[in-house]
Amino acid sequence: MLTIKNLHASVEGKEILRGINLEIKAGEVHAIMGPNGAGKSTLSSIIAGNETYEVTEGEIVLDGEDLSELAPDERAHKGVFLSFQYPVEIPGVSVTNFIKTAINEKRKANGQEEMPANEMLKLIREKSELLEMDRKFLSRSLNEGFSGGEKKRNEIFQMAMLDPKIAILDETDSGLDIDALRIVANGVNKLKNENNAVLVITHYQRLLDYIIPDFVHVLIDGKIVKTGGADLALELEEKGYDWIKQEQEA
Amino acid sequence: MELREKLLASFMAFEEKVDVADALHNVRTEALKNFEEKGFPTKKEEAWKYTSLNALLKNDFSIFPKKENNIDIKDVKKYFLNDLDTYKVIFVDGIFNTFLSSTTHDGLDVCLMSSALTKPKYKMVIDTYFNQVASREESLTTLNTAFAFEGAYINIPKSRVVDKPIEIIYFSTGNEAALMVQPRNLVIVGENAHVQIVERHQSLNDNPVLTNSVTEIFAQKRAIVDYYKIQNDVQTANLIDNTYISQKQESRVAVHTFSFGGNLTRNNLNFFHHGERIDSTLKGITIIGDKQHVDHYTLVNHEQPNCESHQNYKTILDGQSTGVFNGKIFVEKEAQKTDAFQQNNNILLSDKATVNAKPQLEIFADDVKCSHGCTIGQLDENAMFYMQQRGIPKKEAKALLMYAFTSEVTSSIKIPELKAKIAKIIATKLGVNMGFDL
């Protein structure tokens with residue numbers, strides 16, 4: 001479904017990704033782990049089309065289509081979703097109206113009519129219940145004054161509403177207490193099916209207790225240096241990253 | 001002939017034509033004398049440092065339209081608050097238009113200044129209020145006073161809650177090559193009375209227009225006045241709006257100014273407090289581009305204790321446009337426990353756009369709460385990426401962010417139909433087809 005080939009990227013002349021290769025098939029859950037500064041968030045931003053970074057080499061292909069020339073909104077319309085590590089506060093726009101706008105823009109781009117109001121309301125009710133969100137929460141300004149946990153829950157709520165092909169969860173576990181973590185992970189698991197895929201970007205193994213990955217990749221200094229199964233995450237949790245670095249240097 | 005000379009020369013002919021009472025004649029003569037001494041303001045004056053009238057005054061403006069012009073309702077319908085029953089006081093090239101208007105004398109007066117100034121039954125009200133809060137020093141205000149004759153006259157009796165909004169619209173047909181109009185409005189709102197007023201100036205083609213308008217508003221004890229100014233005129237229209245508000249105790253007056261159009265717009269908005277526990281609100285949204293210029297010059301004069309004022313102006317500038325915000329707050333020695341708030345936020349979309357912002361607080365009382373904040377910035381790139389990531393295209397994301405930026409002002413519009421209209425004007429202005437159903 002998503003294929004990343006020899007991806008190199010830099011920001012202000014500094015190379016951050018140095019040849020990433022990754023193949024994610026429909027129905028799979030992949031995790032990318034790595035120490036701070038390894039390039040994890042850069043990778044997720046680039047897949048989503050953030051223009052701050054310059055892709056110098058390589059390609060990102062979704063279902064046979066090269067995404068390189070597409071704007072972030074066009075990638076979103078094709079089914080790319082990024083749950084932000086730091087969701088942006090937008091005062092004056094309510095959660096409900098933001099998601100309505102997002103859904104209808106996607107439908108417009110795909111040549112569909114706007115979603116009828118009753119259908120929209122039903123969908124909002126269903127998905128907000130899945131994330132155990134308070135109704136009052138939906139009429140508040142987007143992310144404004146939300147706690148860390150509320151912001152992340154709101155991200156997964158939007159993911160549920162938009163039903164993407166590939167969902168990238170960038171450090172979704174940071175700032176979550178154990179109850180919120182359980183709710184968020186449960187939401188992701190319920191949305192998961194054989195036609196979509198999830199890429200979890202995380203520093204810690206904790207979230208992977210709830211969202212079990214099929215593959216774990218270790219990203220160090222802009223390169224994937226090791227790939228394994230779910231047990232690799234446990235090993236990393238126990239031993240840290242130094243042993244991999246040493247393995248590399250050896 | 002220069003405009004100043006032309007105005008001075010036509011004053012006598014004008015006075016003969018309008019045939020007003022002696023008392024008024026003296027008021028006018030005094031006013032004209034002041035204008036004659038001072039002339040049009042120049043950038044040398046502190047209050048006009050950032051706004052130049054020079055280029056504008058080079059137009060050969062007619063001072064009176066040569067004939068009565070008529071317009072077809074279907075051409076101007078879109079400028080009204082549709083889907084809503086309103087009182088209407090409509091002028092075409094400065095002359096009252098009966099056909100488009102819907103006035104009343106049924107317990108309240110929503111009618112014409114020319115009647116009020118000439119008919120004996122209004123004499124007492126005119127003597128009490130006319131030119132009582134408008135400046136007798138400021139040259140453009142006195143120029144208006146000298147030629148004051150037509151405009152809206154609104155008098156709401158005690159305890160009357162006016163059942164529907166009042167629309168005051170000044171249309172310019174452009175049948176004159178260049179026209180100067182000087183509307184004069186008087187609004188008196190009695191004790192415990194409540195009124196909503198929407199004022200608009202609109203040109204119907206591209207011939208230059210200069211409007212020098214004066215509005216006096218008197219809010220008696222506990223009166224509530226919601227006043228909205230829609231400035232979305234064509235880019236050859238120029239507006240100098242001078243509004244003077246006198247408030248008695250516990251009255252609440254809010255003025256919202258929406259500046260989207262015009263070539264040059266100057267808003268002089270002045271609040272004077274005469275009583276305690278008064279509440280004044282001054283809010284504005286300015287969205288301009290090209291070479292447009294909008295200058296907000298506000299004054300709140302806190303003279304009595306326990307009063308509040310709230311100012312909030314949001315400005316978005318594109319192209320080579322220029323914005324000015326000058327907010328004066330005076331707190332007199334007696335005005336203890338004053339709560340004065342002033343906020344002015346600006347977004348520059350282009351590196352050729354400029355904004356000059358100047359808060360000016362002069363506080364002589366020692367137990368007051370006064371705050372002011374001014375920001376100038378660009379659109380938040382992170383917010384743009386976030387919205388685009390959710391599938392909202394760049395242009396729409398930008399528009400949504402800008403509308404959200406103005407939401408502290410739009411949220412306090414009390415007439416839903418007006419709020420929808422403003423949202424629509426903003427969407428058109430930003431080139432998107434969005435409901436902003438926020």
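Which exposed residues are carried by the face of H8(A) turned away from its buried side?

Mentor: Happy to go through it with you, and please keep in mind that this is a predicted model. The face you ask about carries A:Asp231, A:Glu238 and A:Lys239 as its exposed residues. On the buried side of H8, which runs over residues 230-239 of chain A, you will find A:Leu232, A:Ala233 and A:Leu236. Looking down the axis of H8(A), these buried residues fall within an arc of 105 degrees, so they line one face of the helix. Their packing partners in chain A are three strands: S3 (29-33), S11 (215-220) and S12 (223-228).

An unreviewed UniProt entry annotates residues 2-246 of chain A as "domain: ABC transporter". That span is 38% helix and 29% strand, and its end C-alpha atoms lie 30 Å apart.

Chain A also touches chain B. The contact takes 22 residues from chain A and 18 residues from chain B. On the chain A side, helix H2 (72-78), strand S7 (90-94) and helix H3 (95-109) each supply at least two residues. By class, that side of chain A has twelve nonpolar, seven polar and three charged residues.

Helix H2 of chain B covers residues 22-38, and its 17 residues should span 24 Å at 1.5 Å a residue; the end C-alpha atoms are 25 Å apart, which agrees. The buried residues of H2(B) are B:Leu24, B:Val27, B:Arg28, B:Ala31, B:Leu32 and B:Phe35. Seen down the axis of H2(B), they fall within an arc of 130 degrees, so they line one face of the helix. These buried residues pack against helices H1 (3-18), H5 (113-118) and H7 (139-146) of chain B. Turned away from the buried side of H2(B) are the exposed residues B:Asp22, B:Ala23, B:Asn26, B:Lys33 and B:Glu37. H2(B) is followed by B:Gly39, whose phi is positive, near 70 degrees.

B:Lys314 sits in strand S16, residues 308-317 of that chain. B:Lys314 counts as buried because it has 21 C-beta neighbours inside 10 Å, where 20 or more is the cut-off. Leaving aside neighbours within four places in sequence, B:Lys314 is in contact with B:Ile285, B:Asn345, B:Phe405, B:Thr406 and B:Val409. B:Met402 is 88 residues from B:Lys314 in sequence, and the two are 9.8 Å apart in space, C-alpha to C-alpha.

Definitions and conventions: Residues numbered from 1 in each chain as written. Chains lettered and ligands numbered in written order. Predicted model: local features only at pLDDT ≥ 70, side-chain atom pairs only at ≥ 80, totals over all residues. UniProt positions renumbered as here; feature names shortened; annotations may be inferred. Helix = DSSP H or I, 4+ residues; strand = E, 2+ residues; numbered from the N terminus. Buried ≥ 20, exposed ≤ 12 C-beta atoms within 10 Å, placed from the backbone. Contact = placed C-beta atoms within 7 Å. Expected span 1.5 Å × (residues − 1). Arc of directions from axis to C-beta. Nonpolar A, V, L, I, M, F, W, Y, C, P; charged D, E, K, R; others polar.
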